[in-house]
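Good morning, everyone, and thank you for making time for this.

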Amino acid sequence: MVTAQNDSHTVVVIREFNPKTDRERVEQVERSCEVGPSGEYSLHADLLGDPVCRIRNSPAYLMLVAEMVVTENNGAKTNEIVGMIRGCIKTVTCGRKLCRKNNFPPEPRPVFTKLAYILGLRVSPSHRRMKIGFKMVCRMEDWFRDRGAEYSYIATDATNKASVNLFTGKCGYSKFRNPCVLVHPVFAHRLHINQQVTIIKLSCYDAEIIYRRTSSTTEFFPRDIDSVLENKLNLGTFLAIPKDYAHTMCWGGSEQFLSDPPHSWAIMSVWNCNDVFKLEVKGASWLEKGFVKTTRVLDQVFPFLNLPSLPEIFNPFGLHLLYGLGGEGPCYLKLAKALFGYAHNLAKKRKCGVVATEVSSNDPLRSVIPHWKVLSFTDLWCIKRLDEDYSDGHIGDWRKSQPDISFFLDPREF
């Protein structure tokens, strides 16, 4: 399909990605583009030979490429891929309603919507300011509408002015949420875990029951949470409870736990991004690289000192993503911090470079989850309603809603 004509001999074609013929050329464009904040350093992603890896696990997904086709006067043609975009669709919680029956107090029930997500938009630096990104977004939104998506949203670094201006200025998106991405390096030594906390690894069934009972009305909760938990990239779901409570109970499953929970508990799942893509910070001097290596050597030689060794970010590294963080009770935050220590040690065992999570800017977890400010940043989510003819349902226009204290992070799209 011809979507733009620059002159009589050049056209830009937006078409579906072909893994057999496009993979190498797409990787060349990826390597030419920076990911994340611009500046002295640049963050590059290696998708390990799978350009659709970041959307492959979603219920429905599509990748498009922009191809520049040049026709010479003698009829010869040259084709060059100059951009790509990825999109996926899922059903998530966008609000809640109260259900009243049998004269019992009303219970909150989730309100679901079909939500589309745009990610991985890239345009070759030599072909920017030609409206190629805008045309790819429009084509992707057509695919979303054809499949009944009600909203589309994007996530970008809040300091990425070019991306923000494209979506809010040209594509009709509005600023929606400002979550915080919290990143912590994996040290060469293990982190201490509070001895008064017991951590239990849950089965997928028990994890699903607990999440559906306690988090289904949380914003962005995926209705297909069972598919997330059963995915091979999910390394497990872990429940933290006070040790004194653990001594008085014999684990009988999620139903028994929810019928008589302890005064405080916390839950967390871990997603293995390390097998999906690698990251690398480029632009460092040999002196900076040497300093990073020295801190890790010292930490390995003297682990009892608990030195804060720097991550090996100047070499390709992977990450583990923490999601589904939640819980209840006065000691919830202390238990969540213990889960983070457990996740750090799991990442160390699996030779992972960093652990990361994303939380609402108002979430109390932000203050207790260990992270390095130099590695962490504020995200910006922008949203667009794809069809104004949709029914407002029980919550009205989601774009105008106030953010909850927390949201449910879907690891499939991080």
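This is a predicted model: local features need pLDDT of at least 70, side-chain atom pairs count only at pLDDT 80 or more; totals for chains, interfaces and linings use all residues.

Let me begin with the salt bridges, of which the count comes to 23. In one of them R86 pairs with E30, and the closest N and O atoms are 2.5 Å apart. Because R86 lies in strand β5 and E30 in helix α1, this pair ties together parts that are 56 residues apart in sequence. E30 also forms a salt bridge with R122, where the closest N and O atoms are 3.2 Å apart, and that pair links strand β6 to helix α1 across 92 residues. As for accessibility, R86 is buried at 1% relative accessible area, E30 is buried at 11%, and R122 is buried too.

Another salt bridge, between E208 and R212 at 2.9 Å from N to O, stays within helix α4, where the two residues are four apart, or about one turn of the helix. Here E208 counts as buried at 18% relative accessibility, while R212, at 29%, counts as partly exposed.

Turning to the second largest pocket, its volume is about 490 Å³, and the closest of its 27 lining residues to the centre are L325, G326, G327, Y332 and S406. Strand β14 gives the most to this lining, with seven residues, and the lining as a whole divides into 15 nonpolar, nine polar and three charged residues.

Finally, on the surface, V297, L298, V301 and F302 form a nonpolar patch with about 310 Å² of accessible area together. V297 lies in helix α8 and is partly exposed, at 39% relative accessible area.

Note on methods. Residues are numbered from 1 along each chain as its sequence is written. Side-chain values use heavy atoms; hydrogens and water are left out. On a 1 Å grid over the protein atoms alone, a cavity is a set of points where a 1.4 Å probe fits but cannot get out, and a pocket is an open set with protein on both sides within 12 Å along at least five of seven lines; lining residues have an atom within 4 Å of a point. Grid points are joined across faces, edges and corners, and a volume is the space filled by probe spheres set on the points. Ala, Val, Leu, Ile, Met, Phe, Trp, Tyr, Cys and Pro count as nonpolar, Asp, Glu, Lys and Arg as charged, and the others, Gly among them, as polar. Patches are made of residues with over 30% relative accessible area and no salt bridge: like charges are joined within 9 Å, nonpolar side chains (Val, Leu, Ile, Met, Phe, Trp, Tyr) within 5 Å. Accessible areas come from the Shrake-Rupley method with a 1.4 Å probe; for residues, only the protein chains shown count as cover. A salt bridge is a side-chain nitrogen of Lys or Arg within 4 Å of a carboxyl oxygen of Asp or Glu. Buried means under 20% relative accessible area, exposed over 50%, partly exposed in between (1.4 Å probe, protein chains only).
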